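Please walk me through this structure.

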Amino acid sequence: MIDEGGKRGKTVAEKRQLFMEMRAQNFDVIRLSTYRTACKLRFIQKRCNLHLVDVWNMIEAFRDNGLNTLDHNAEINVSRLETIISSIYYQLNKRLPTTHQINVDQSISLLLNFMIASYDSEGHGKLTVFSVKAMLSTMCGGKIVDKLRYIFSQISDSNGMMIYTKFDQFLREILKLPTAVFEGPSFGYTEHSVRTCFPQQKKIALNVFLDALMADPPPQCLVWLPLMHRLANVENVFHPVECSYCHNESMMGFRYRCQQCHNYQLCQNCFWRGHASGTHSNQHQMKEHSSWKSPAKKLSHAISKSLGCVPSREPSHPMFPEQPEKPLDLAHIVHHPGS
């Protein structure tokens, strides 16, 4: 392993610390690979305190560290990477209240080792600019639509159209994340990955790109990404319902309701582990709920729906102008008298 980036020779135990902690969480009991992958990456995101860094702060850090002036394929050595990561965490502590400061040294060490393990498995001691940008802008906090807009800015041409080879390169980088947490068999990169996202080779502008990646369901190779964001949003959601399997009355996180068995509901732990009781079976369709609506609220919703008051489904993201924004050129507009 590489030591040139560290101020001191790091022990192997330190390098493996994050993976050892992740293993202790026992995520492998989760039956579905999508949930398993999202849970592992969410664990790493929080353990490295990346969930506290908004994507806009991350983009600012790239600029401040001069990454925007470098070619995507330029290589960054480990000590430069350590400098970049350090600046991200020192800036974070400046924004956080003094009562909630993070341990900067530990965060640097955990993240640096995770990035080296994920992106420099050959041990060259270097990562490309593009891998650093792709990894950090995906694993930080913030809204998925903002992250995808940033990614699009990195893989599109001056006319605001996606460059397929660059999108392919993005998938190659981003799918190293599930691979790093041992989910490569489900979500590793293949040459078909691009085709699963964009089956037709046509011109892809920002809104089409966002529609495809934020669709429900999203492209198979990236299903873990929106799920990681949904997980973050439901961690502290409480459902005043009893789990039909473990009978726990304080459901936190996701709630799953069977579409076949009357009032059969599972907490996320039981659903993820594939538990079933009575006439309920694993094969039944389950609906995922990320919030609790009281029966009274449901009734008023149903009434207003029957009266046609409920707005139609919002688009999954705001619409953005198709062309990169340019100042208007008014020089050649001719004013016709009398028009």
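Two cavities of 30 Å³ or more turn up in a search of the whole structure. A cavity here is a set of points on a 1 Å grid, over the protein atoms alone, where a 1.4 Å probe fits but cannot get out. Points are joined across faces, edges and corners, and the volume is the space filled by probe spheres set on them. The second largest cavity holds about 30 Å³. Its lining consists of Ile144, Leu148, Leu213, Leu222, Leu225 and Pro226, where lining residues have an atom within 4 Å of a point. Helix 7 (144-155) and helix 13 (224-234) are the elements that give two or more residues to this lining. Helices are DSSP runs of H or I, at least four residues long, and strands are E runs of at least two, both numbered from the N terminus. By class, the lining has six nonpolar, no polar and no charged residues. Nonpolar covers Ala, Val, Leu, Ile, Met, Phe, Trp, Tyr, Cys and Pro; charged covers Asp, Glu, Lys and Arg; the others, Gly among them, are polar.

The model is predicted: local features need pLDDT of at least 70, side-chain atom pairs count only at pLDDT 80 or more, and totals for chains, interfaces and linings use all residues. Residues are numbered from 1 along each chain as its sequence is written, and side-chain values use heavy atoms, with hydrogens and water left out.

Now turn to leucine 52. It lies in the loop between helix 2 (33-47) and helix 3 (55-64). Leucine 52 counts as partly exposed because its relative accessibility is 33%. Buried means under 20% relative accessible area, exposed over 50%, and partly exposed in between (1.4 Å probe, protein chains only). Leaving aside residues up to four places away in sequence, leucine 52 touches Leu92, Leu96 and Ile102. Contact means heavy atoms within 4.5 Å. Isoleucine 102 is 50 residues away along the chain, yet the two C-alpha atoms are separated by 9.7 Å.

Next, the cysteines. The structure holds zero disulfides, a disulfide being a pair of cysteine sulfur atoms within 2.5 Å. For cysteine 243, the closest cysteine sulfur is in cysteine 246, and at 3.7 Å it is too far for a bond. Cysteine 258 is in no disulfide either; the nearest cysteine sulfur, that of cysteine 261, is 3.7 Å away. Cysteine 243 is buried at 0% relative accessibility, and cysteine 258 is buried at 6%.

Last, the whole chain. It has 15 helices and seven strands. Of its 339 residues, 46% are buried.

Conventions. 1 Å grid on protein atoms, 1.4 Å probe; cavity = no way out; pocket = protein on both sides within 12 Å on 5 of 7 lines; lining within 4 Å.
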